[in-house]
Amino acid sequence: IINAEYLLCDHISFGPSKNFELNIDSKNSLIVFDSVPYRKSILSFRNFSVKTYDENNIIKFHDEILKLKNNKNFYIKLKKKIDKRFSKKYNYFLNNSRYQKLDSEFDPEEVISKFDKVICHPFSSTAFIAKKLNKNVCFFDVCQIHKDFDDYHKEIKIIRNLDELQNWYDS
């Protein structure tokens, strides 16, 4: 980390989007926001090697979340429309998971407002939106990629294992 002063600002609006309606029982409802992994060829072409966007790390993130007990409905809000730039392994995983996928064009604020709990991949702006909306939100860093960032994000809990995530979810 660069030795500098950092200023954390409010989230950036996602702009116009499709209206979102969903009739669910909001008690213990859960929405997940991740980072979409690009194919390795896209990352290498751009000389971009960041563990955050590695397909295996993002799939591990989801595998652990899907192990949560007492939740039959897992929703995921896709950040972007998935196209050929994204990992085939990730696409296959999502298509065969228990997630109910929400369209990438839905307004994240509207989506978050319908759910009780929000799990975000570190350090997604959607977590800050959820915090602003007074939702129960956490960053889930199961791969411990961002273990040096605890001092910078004190207002949103950073969780690093399934037991801790289950305790957060049950609270």
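The conversation below goes through the labels one by one.

Modeller: Please keep in mind that this is a predicted model. The protein has six helices and six strands, and along the sequence these follow the pattern β-α-α-β-α-β-α-β-α-β-β-α.

Colleague: What makes strand 3 and strand 6 the edge strands?

Modeller: The six strands form an open sheet in the order 3-2-1-4-5-6, with parallel pairing. Strand 3 (99-102) and strand 6 (157-159) each pair on one side only, and that is what the word edge refers to here. Neighbouring strands of this sheet are turned against each other by 30 degrees on average, direction ignored.

Colleague: Why is strand 5 described as largely enclosed?

Modeller: Four of the five residues of strand 5 are buried, so the rest of the structure largely encloses this strand.

Colleague: Why is C120 called buried?

Modeller: The label buried applies under 20% relative accessible area, and C120, which lies in strand 4, is at 0% relative accessibility, so C120 counts as buried. Leaving aside neighbours within four places in sequence, C120 is in contact with F33, F61, T126, A127, V137, C138, F139 and F140. The C-alpha atoms of C120 and A130, ten residues apart along the chain, are separated by 9.6 Å.

Colleague: And why does Q166 get the label buried?

Modeller: Q166, a residue of helix 6, has a relative accessible area of 12%; because the limit is under 20%, Q166 is buried by this rule. Beyond residues up to four places away in sequence, Q166 touches K67, L68 and K69. For the protein as a whole, buried residues make up 44% of the 171 residues.

Colleague: What makes helix 2 largely enclosed?

Modeller: Eight of the eleven residues of helix 2 are buried, so this helix is largely enclosed by the rest of the structure. The buried residues are E55, N57, I58, I59, F61, H62, E64 and I65. Helix 2 (residues 55-65) packs on the sheet, where it touches strand 1 (30-33), strand 2 (74-77), strand 3, strand 4 (117-120) and strand 5, and its direction makes about 170 degrees with that of strand 1.

Colleague: Which elements cover the buried residues of helix 5?

Modeller: In helix 5 (residues 125-132), the residues T126, A127, F128, I129 and A130 are buried, and what covers the buried residues of this helix includes strand 1, helix 4 (108-113), strand 4 and strand 5. Just after helix 5, N134 takes a positive phi of about 60 degrees.

Colleague: Which residues of the largest nonpolar core touch the most other members?

Modeller: Of the 23 residues in that core, these are L30, I65, I119 and L165. Strand 1, helix 2, strand 2, helix 3 (88-95), strand 5 and helix 6 (162-170) each supply at least two residues of this core, and helix 2 gives the most, with four residues. Apart from this core lies another, of 18 residues, among them F33, V111, I129 and I158. As for L165, its contacts are I65, L68, I119, C138, F140 and I159, not counting residues up to four places away in sequence.

Colleague: How many cavities of 30 Å³ or more are there by this rule?

Modeller: The count comes to one cavity of 30 Å³ or more. About 40 Å³ of space lies in the largest cavity, which is lined by N57, F61, H121, F140, D141, V142, C143 and I145.

Colleague: What share of the contacts joins residues at least 24 apart?

Modeller: Among contacts between residues at least 6 apart in sequence, 66% join residues at least 24 apart.

Conventions: Residues numbered from 1 in each chain as written. Predicted model: local features only at pLDDT ≥ 70, side-chain atom pairs only at ≥ 80, totals over all residues. Heavy atoms only, no water. Pairing = 2+ DSSP bridges. Axes fitted to C-alpha atoms, helices over the stretch in contact; angles between N-to-C directions. Contact = heavy atoms within 4.5 Å. Core = buried A, V, L, I, M, F, W, Y, C linked by side-chain atoms within 4.5 Å. Buried < 20%, exposed > 50% of the residue type's maximum accessible area, 1.4 Å probe, protein only. 1 Å grid on protein atoms, 1.4 Å probe; cavity = no way out; pocket = protein on both sides within 12 Å on 5 of 7 lines; lining within 4 Å. Points joined across faces, edges and corners; volume = space filled by probe spheres on them.
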